Amino acid sequence: MCWFAAGCFWGVEKGFWRLPGIYSTAVGFIGGHDYAVDPSHLYVSTGESEHCEAVQAVWDERRLSFADLLRQFWACHDPTQGDQQGRDKGSQYRSGIFCTEEAQAIAARASMGAFSGVLHANGYPDMTTEIRVGCPFYFAEPAQQQHVAKPCSKQYCSAEPTGLSLPAFDAWTWPPELQGEDGGAIAAVRERFKPQLPERFWRSFDGSLSAPQAPAGTTEEAMEQAEEAMRRRASEQVQALAEAERGSLVMIQHCASCGYARRASELAVFLRAHCGGMQASVVPDVSVTGSFDVRVRASGSGAGFRTVHSKKARDGFVDSVDKLARIVDAIACVLPAAKPSKDADVARALRSFPGLRCSRQLPRVPAGADKPAQPPHVRTPMLMGLVHRLEKDKVNTPLSAGPRRGTGGSPTRGSPARKGSSRSPPGSREPTDRESTGREGTWRESTGRESTGRENTCRSP
């Protein structure tokens, strides 16, 4: 058993439950302060508890290895974004691997070292993934479990994967201090965690929200069907591109991920609204590619498209004034009426683009011009903290003593509330002991002692 944090846990969980050999998955919170015991999703959203949203994975080691899980983890998100993933910002969306034993942590650090080199070679900053051992995990509310598989549920995921591949298992960077003269310790870990899923499986594996809910298969017939589905989607994409190019001035092609799709949709809406009503088409890739390309039709009759922005060419996302202005200027070369005539109109239009909400490079509005409307603040830590305090008198549903499937006896929510129990602010609870037992071991947490800073009961490397 292990826990993986890679942003919003809704979409991340589906990517893991589709792997063959998974017994069960669950979502919850891990890696926070000692005093924040059994936090609610609402409380974690304030950022005060310092927990992160994580997916618990329980698997059959005869069919699936820890190395396979690490490959899915690095592929499903961007581990360089710090306390955020895509548009979801806050410490609860950080990247992390929370292990049940030191052997898992050794393998996780080895894979991280190997993947770090790939990211640096492609212009990404340093990785911010944390790797810990023995942290207590708290299940989220039932409404959060397997959320995207429920009827009429919100199909949401903010992940922005890089599209880069984890190096082969033999090329991982293993800690030299643990090698020893004969390399016995590392050899044992490598033998235990070596990959079991074939390379052919990964070429057609789809862990996105649009994928089927059932786990993927590893039989020859199942992999052939997955490859056929991939070829069919590729053919449909070629037709969609050809049709979009015939009637569009701007083409936005992006990675098949929700985070990329949202950015592409916002950019297309902005260009249509502020560039003379020109047509901008959005076409997703058939798989996770890590690409975000903006192409503008070249001037002249019968001319094709030229690329003015490419994430894989180290342009990143369209998240600064200079990048957005370069796209607008390229459109104005073909359609002069697309560019606002006054400097104040240009500045106001650029500031209205949602992709620049967190940018420090906002243009200065000329004196006398109307100030642009500020983007709405949907959720703030102050507001969420107020709601949490208002709910402190509500009855707190305790954890039941019954085992949860696939957790080896870990407690779950859902039992009736004890008489007189209530939710209290962090740090004000009576001293209690709570034991949580996983497949690989047991830990005990005391909640009665004082805790300052970001202290917790887990061990850091």
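1. Buried means under 20% relative accessible area, exposed over 50%, and partly exposed in between (1.4 Å probe, protein chains only). By that rule Cys52 is buried, at a relative accessible area of 0%, and Cys255 likewise counts as buried at 0%.

2. The model is predicted, so that local features need pLDDT of at least 70 and side-chain atom pairs count only at pLDDT 80 or more, whereas totals for chains, interfaces and linings use all residues. Residues are numbered from 1 along each chain as its sequence is written, and side-chain values use heavy atoms, with hydrogens and water left out.

3. With a disulfide taken as a pair of cysteine sulfur atoms within 2.5 Å, a search of the whole structure finds zero. Cys52 is in no disulfide, and the nearest cysteine sulfur, belonging to Cys135, is 8.5 Å away.

4. Strands here are DSSP runs of E of at least two residues, and helices are runs of H or I of at least four, numbered from the N terminus; two strands pair if DSSP finds at least two bridges between them. Strand β11 (residues 292-297) pairs in the antiparallel sense with β9 (residues 250-254) over five bridges, and five bridges also join β11 to β12 (residues 305-310), again antiparallel. Arg295 of β11 is the bridge partner of Met251 and stands opposite Thr307 in β12.

5. Two non-glycine residues with positive phi deserve a look: Asp38, near 50°, and Gln146, near 45°.
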